[in-house]
Amino acid sequence: MVQKTRNAGRANQPAKKRKTIRKRLQGDFRYYDYNLLASVILLTCFGLVMLYSTSAYEAQIEFGTDMYYFGKQAIISAVCLVIVLLFSQIDYHFYAKFALFIYIIANILLIATKFVGRTINGARRWIFLGALSFQPAELAKLAVILFLPFLIVKLGKNMKGLKAPMIVIGFGAATSLFTYVFTENLSTAIIIAGITVILIFIAHPKTLPFVIGGCSMAALIGLLVAYLASAVQNSDNFRINRILVWLEPETYSSLGGYQVMQALYAIGSGGLFGKGLGNSAQKLGSLPEAQNDMIFSIVCEELGIFGAAMLTILFIFLLYRLLFIAQNAPDLLGSLIATGIFAHIALQVVLNIAVVINLIPTTGITLPFVSYGGTSVMFLMAEMALALSVSRQIKFKEQEEEAKEGNQFTVRG
């Protein structure tokens with residue numbers, strides 16, 4: 001009597017088809033993180049809705065059309081999403097080959113901004129190429145996220161010592177310093193420094209030096225703030241003024257405290273479920289440039305604590321997917337790239353919300369995927385393409401067990 005089995009059934013299949021099935025079972029079936037892609041699309045759509053609601057009045061007054069900010073952002077976002085789908089199909093190891101080149105170009109552009117950049121709203125941070133403009137500081141973040149993991153992998157086991165980590169710190173610190181000196185963008189410089197520290201923390205086997213260094217830095221910053229609050233009352237330095245505004249926004253309303261107070265009024269008036277989409281009062285001229293770094297306050301005013309919580313959950317889910325990719329990446333390079341993207345998004349979200357609720361001084365950091373800014377969206381999408389490219393190299397290892405079980409079945413007579 002002949003007992004039929006799975007392998008017996010496969011014996012009748014064409015050889016090419018059996019080979020394909022075996023290949024899939026042995027772990028060659030590629031993973032693609034559609035959850036990450038979905039979270040990016042949801043955040044982008046949410047951001048566009050809130051951008052239109054926030055900027056329609058100001059756009060109508062200044063440009064004669066309420067679609068000015070929304071239209072530009074929507075076109076850039078749609079094009080970038082298509083590009084993400086295409087470029088995420090390319091192996092991230094291919095992009096890593098250009099890591100040094102991108103790093104050098106980014107730093108050259110940072111230096112060039114000091115001399116050929118254009119000043120907007122008192123800050124020289126933009127380079128114009130005809131009708132197009134972009135901030136080299138955004139490219140610098142992407143360059144660090146791609147180059148530092150590449151460098152750490154090249155250094156290999158030397159990262160256990162002291163010399164190799166200092167080399168990585170040197171490259172990260174150089175970009176951070178160039179960002180601060182040549183574009184006067186302290187917030188981006190802080191983010192680049194944060195990404196550098198987090199990548200080294202992940203790659204370095206010891207934790208104690210980072211704990212000691214972090215506590216020392218926190219204590220130093222605390223002492224500096226205390227000194228400025230007690231000893232400096234009148235100063236022309238706008239960074240010192242920002243600290244004074246943060247400590248006493250009502251007293252220093254003429255130096256920037258007015259915007260902070262209006263943002264807090266917007267958050268407080270929103271209540272639990274908000275005034276309703278489009279019904280914000282603070283965006284009608286009271287809160288300047290609300291579509292930029294203060295857009296979270298309008299979210300709170302129109303959608304309330306509930307809407308702000310939903311947005312926060314979307315960001316947490318996005319970060320969770322990046323963490324999942326970092327943990328399951330096929331090699332150290334992919335893991336560090338995903339970690340760098342995670343660090344960037346996390347730092348920017350936390351710092352933006354902290355500024356809006358006046359936990360820290362104003363920094364000009366935008367809220368990813370939500371605030372207005374074509375350059376920001378473009379390079380954020382580039383990071384998402386990198387993360388999805390890493391996810392595409394993850395394999396379904398659990399299928400190997402099924403393959404082994406299938407090979408145990410034989411034809412018996």
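Me: Which element gives the most to the lining of the largest cavity?

Reply: H3 does, with three residues. Helices here are DSSP runs (H or I, at least four residues), numbered from the N terminus. This is a predicted model, in which local features need pLDDT of at least 70 and side-chain atom pairs count only at pLDDT 80 or more, while totals for chains, interfaces and linings use all residues. Residues are numbered from 1 along each chain as its sequence is written, and side-chain values use heavy atoms, with hydrogens and water left out.

Me: What makes a space a cavity?

Reply: On a 1 Å grid over the protein atoms alone, a cavity is a set of points where a 1.4 Å probe fits but cannot get out; lining residues have an atom within 4 Å of a point. One cavity of 30 Å³ or more is counted. The largest cavity holds about 50 Å³ of space, where a volume is the space filled by probe spheres set on the points, and points are joined across faces, edges and corners.

Me: Which residues line the largest cavity?

Reply: Among them are Thr44, Gly47, Leu48, Gln73, Phe369 and Met381. H3, helix H4 (68–87) and helix H15 (374–392) are the elements that give two or more residues to this lining. The lining divides into five nonpolar, four polar and no charged residues. Ala, Val, Leu, Ile, Met, Phe, Trp, Tyr, Cys and Pro count as nonpolar, Asp, Glu, Lys and Arg as charged, and the others, Gly among them, as polar.

Me: Why is the contact of Arg321 and Asp33 called a salt bridge?

Reply: A salt bridge needs a side-chain nitrogen of Lys or Arg within 4 Å of a carboxyl oxygen of Asp or Glu. Arg321 and Asp33 meet at 3.1 Å, N to O, so the pair qualifies. Arg321 lies in helix H13 (residues 295–328) and Asp33 in the loop between helix H2 (15–28) and helix H3 (34–63), so the pair ties together parts that are 288 residues apart in sequence. The count comes to four salt bridges.

Me: Why is Glu301 called buried?

Reply: Buried means under 20% relative accessible area, exposed over 50%, and partly exposed in between (1.4 Å probe, protein chains only). Glu301 has 0% relative accessibility, so Glu301 is buried.

Conventions: 1 Å grid on protein atoms, 1.4 Å probe; cavity = no way out; pocket = protein on both sides within 12 Å on 5 of 7 lines; lining within 4 Å.
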